[in-house]
Amino acid sequence: MTVLRKDLLLELRTFETVPAMILFSIVTFVIFHFGLNQATIDGQLAGGVLTVTLLFAAMLGVNRLFVAEREQGGFDAFLLAPVDRSAMLIAKASALFAFLVVLEVVAVPAFGLLLLGPSLGPPLLGLIAVLALADVALAVIGTLVSAIAVNTRARDLVGPVIGLPLLIPALIATARAAAPLLAVHGSGAPPGKWVAVLALYDLVFALLAYAVFDFLLED
Amino acid sequence: MDQRPAIELRGLTRHFGERTALRGVSVRVAAGATLAVLGHNGAGKSTLLRILATLLRPHAGEVSILGEPLPRRGFAVRAKLGLLAHEPLLYRDLSGWENLVYHARLHGVGERRVEELLESVDMRRRAEDPVRLLSRGMVQRLAVCRAVLHKPALLLLDEPRASLDPAASELVEPLIGRGTGATRVITSHDPSAAVAEADLVLGLKDGRPAFVGPPEKLDARELRELYA
């Protein structure tokens, strides 16, 4: 909780990450609007556009997740403390999850206004569940990738190059799970198969991240 | 002074890729004693401090801190050591108070101790200012507070009085000086000041030990050669 509270406080002081993520997502929706040359979209296309936009916006947060630790000695200070190193994984993943939730609180209604044909009202609960599972995958994999990338010289490049391929299965599952929710006269509940895939992916990467994170902080 | 060694190094070696930063460093420091580590820029002083602080692993040799072998028992000694490094290890966008409370929580220390320390270094008035707005001397005073929050038994001090004016130096003296009773390892570019407060001197030249012994045995010629 201590590290998470510090991360949220730093973001509130600087507004470096979340506003950039939100702005990026809205600009991307506008670009899709003109690029697709369609007034509205729905179904699989809507699921894909929403998921890809959130994924790319999330990468902005992933790239900045450990920057303060690296540039201002936060890693050393944390490693000097008698605390379990996985506390940093949990705190950073929780912070990124929180950033994604704030992003979606703005970006999803903006998507509904700018691009989506059907109303967001009926499928909202199902969509929240799908996005919450997607956010867990983004937060866990993003934290892992960010911890690897931050110690490299080309961290802005390394993050997406490693992170995006790892997130492809989560992207597919999220887009497929969201598609029927965003269809005209679509279902109110996401398809169980894709929700299960997403949940399993979350679980596997959460365990993997827990197992390897200590080694990433090692000298 | 307790004669049980607080620090014991035997043949400590550390590489960075092809470059050897430390080779064959052996020294034994009694509990409560002060070791001054001297040497030119790049001699290996900061690398030695980072190994003692458990932030770097030794590549060869044996390291024991407060009776615990490193790196195997690093977790056990972290609560007992305080590092004052080149960097203050403070977040620039948080205030001094927020930074110190963050570190206090990591070490399981209460806010009362933070208040005491801020008072002792005369930083109460500026405690709510973001660190980025403070002068280097003020930041160094906060860094001293951070390093000693948990009353460590071993103080690792890399240029501890850098950026401090004489008045500020006096303020931090009770926190990092000999009077603390802690075992201290001090590096400094001002050899006379470091030697003056040392019980033992380790001179490093290109990562190798060039002198190990009491300060009175270090003559002016040897001192000059360390910095040549």
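## A helix pair in chain A

The crossing of α2(A) and α6(A) is right-handed. This crossing belongs to a predicted model. Helix α2 of chain A covers residues 18-36 and helix α6 of chain A covers residues 86-114; their axes come within 9 Å and cross at roughly 25°. Because angles under 35 degrees count as roughly parallel, α2(A) and α6(A) are described as roughly parallel to each other.

On the α2(A) side, the residues that meet α6(A) are V18(A), M21(A), I22(A), S25(A), I26(A), F29(A), V30(A) and H33(A). Their counterparts in α6(A) are F99(A), V102(A), L103(A), V106(A), A107(A), A110(A), F111(A) and L114(A). The residues of this contact comprise 14 nonpolar and two polar, with no charged residue.

Another helix of chain A, α8, spans residues 155-178 and contains A173(A).

Apart from neighbours within four places in sequence, A173(A) is in contact with W194(A), V197(A), L198(A) and Y201(A). A further distance concerns V130(A), which lies 43 residues from A173(A) along the chain; the C-alpha atoms of the two are separated by 9.1 Å.

## Where chain A touches chain B

Contact between the two chains involves 19 residues of chain A and 23 residues of chain B. On the side of chain A that touches chain B, the elements giving two or more residues are α1 (2-14) and α5 (74-79) of chain A. The most is given by α1(A), with six residues. By type, the residues on this side of chain A divide into 10 nonpolar, five polar and four charged.

## The overall form of chain B

Chain B contains eight helices and 10 strands. The C-alpha trace of chain B spans about 45 × 40 × 40 Å along its principal axes. How does the radius of gyration of chain B stand beside that of a compact globule, and what is its value? For 228 residues, a compact globule would have a radius of gyration near 17 Å, and the 17 Å of chain B therefore agrees with that expectation.

Of the 228 residues in chain B, 46% count as buried. Among contacts in chain B between residues at least 6 apart in sequence, 70% join residues at least 24 apart.

How values were computed. Residues numbered from 1 in each chain as written. Chains lettered and ligands numbered in written order. Predicted model: local features only at pLDDT ≥ 70, side-chain atom pairs only at ≥ 80, totals over all residues. Helix = DSSP H or I, 4+ residues; strand = E, 2+ residues; numbered from the N terminus. Rg over C-alpha atoms; globule rule 2.2 N^0.38 Å. Buried ≥ 20, exposed ≤ 12 C-beta atoms within 10 Å, placed from the backbone. Contact = placed C-beta atoms within 7 Å. Axes fitted to C-alpha atoms, helices over the stretch in contact; angles between N-to-C directions. Parallel < 35°, antiparallel > 145°, perpendicular 65-115°, else oblique. Left-handed = near helix turned anticlockwise from the far one by under 90°. Nonpolar A, V, L, I, M, F, W, Y, C, P; charged D, E, K, R; others polar.
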